[in-house]
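I opened a new notebook page for this chain.

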Amino acid sequence: MYLVGFMTAGKTTVAKALARRLSWDALDLDDEIERDEHRTVADIFASLGEPYFRRLERAALERVLPRRHVVIATGGGTFVDPANRAAIQADGCSIWLDVSFNEVVSRLPSDGRRPLAANRTQLEALFLARREAYQHAHVRIDATGQPVEAVVEALLDRLAD
């Protein structure tokens, strides 16, 4: 099961809570990359650029694809890449945690950990562009203003249908 959506949508937090409910593992793709590279995503973007990071992301996704009984929190751009999206769609259920742009902005930390969030105008353009890809997810959950447990309940209800 793959959680997709924009940065700060709650993918990692929901993945952990959902995995607990299902008695599955939770995995964050960005954490996998950081562990492999021994540096943060922000450091990778700053020193080696986004194209390099996207190659790491694709490799990390390919490594986790065979895993079962795991809820995977993808990075905000993972599902935008057509090859990644096809692999995710073929492997399991993709779930879009949809949040409003205002909620994204309100959740953003000001510590520079989100390299693509430095410019609000560019961030909004990126948000709108990525929505096009997220709409291909198998399931959409409106997570705007919802506590984690409500999102998990909504997700479990949708999956039970």
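**Entry 1: ground rules.** I count a salt bridge when a side-chain nitrogen of Lys or Arg is within 4 Å of a carboxyl oxygen of Asp or Glu. This is a predicted model, so I noted the limits: local features need pLDDT of at least 70, side-chain atom pairs count only at pLDDT 80 or more, and totals for chains, interfaces and linings use all residues. Residues are numbered from 1 along each chain as its sequence is written, and side-chain values use heavy atoms, with hydrogens and water left out.

**Entry 2: salt bridges.** How many salt bridges does the rule give? I get 12.

I looked up Arg63 and Asp36 to begin with. Their side chains form a salt bridge, at 2.3 Å from N to O. The two residues are 27 apart, with Arg63 in helix α4 (residues 50-64) and Asp36 in helix α2 (residues 29-37), so the bridge links distant parts of the chain. For accessibility I use these classes: buried is under 20% relative accessible area, exposed is over 50%, and partly exposed is in between (1.4 Å probe, protein chains only). Arg63 is partly exposed at 46%. Asp36 is partly exposed too, at 38%.

Next I checked Arg68. It forms a salt bridge with Asp91, and the closest N and O atoms are 2.7 Å apart. Arg68 is in the loop between α4 and β3 (70-73), while Asp91 is in helix α5 (residues 82-91), so this pair ties together parts 23 residues apart in sequence. I read 49% relative accessible area for Arg68, which is partly exposed. Asp91 is partly exposed at 26%.

Then I turned to Arg107 and Glu103. Their salt bridge has its closest N and O atoms 2.3 Å apart. Both residues belong to helix α6 (residues 101-107); they are four residues apart, so about one helical turn separates them. Arg107 is partly exposed at 31% relative accessibility. Glu103 is buried at 14%.

I also found a network of salt bridges that links Arg21, Glu149 and Glu153.

**Entry 3: charges overall.** I took Lys and Arg as positive and Asp and Glu as negative, without His and the chain ends. Each charge is placed at NZ of Lys, CZ of Arg, CG of Asp or CD of Glu. The chain has 21 positive and 24 negative charges, and their mean positions are 1 Å apart.

**Entry 4: the fold.** I took helices (H or I, at least four residues) and strands (E, at least two) as DSSP runs, numbered from the N terminus. The chain has eight helices and five strands. From the N terminus I read the order β-α-β-α-α-α-β-α-β-α-α-β-α. The radius of gyration is 15 Å, close to the 15 Å that the globule rule gives for 161 residues, so the chain is as compact as a globular protein of that length. That radius is taken over C-alpha atoms, and the rule is 2.2 Å times the number of residues to the power 0.38. The C-alpha atoms fill a box of roughly 45 × 35 × 25 Å along the principal axes. Of the 161 residues, 43% count as buried.

I took a contact as heavy atoms within 4.5 Å. Among contacts between residues at least 6 apart in sequence, 71% join residues at least 24 apart.

Entry 5: Where is Leu18? I find Leu18 in helix α1 (residues 11-22). Leu18 is buried, at 0% relative accessibility. Not counting residues up to four places away in sequence, Leu18 touches Met1, Val71, Val152, Leu155 and Leu156. Leu18 and Val148 are 130 residues apart in sequence, yet 9.1 Å apart in space, C-alpha to C-alpha.

Val151 is in helix α8 (residues 148-160). I read 3% relative accessibility for Val151, which counts as buried. With residues up to four places away left out, Val151 touches Val14, Leu97, Ile141, Ala143 and Gln146.

**Entry 6: backbone check.** Most residues other than glycine have a negative phi. Ser23 is not a glycine, but its phi is positive, about 60°. Ser23 is in the loop between α1 and β2 (25-28) and is exposed at 65%. His69 also has a positive phi, about 55°, and is not a glycine. I place His69 in the loop between α4 and β3. His69 is exposed at 53%.
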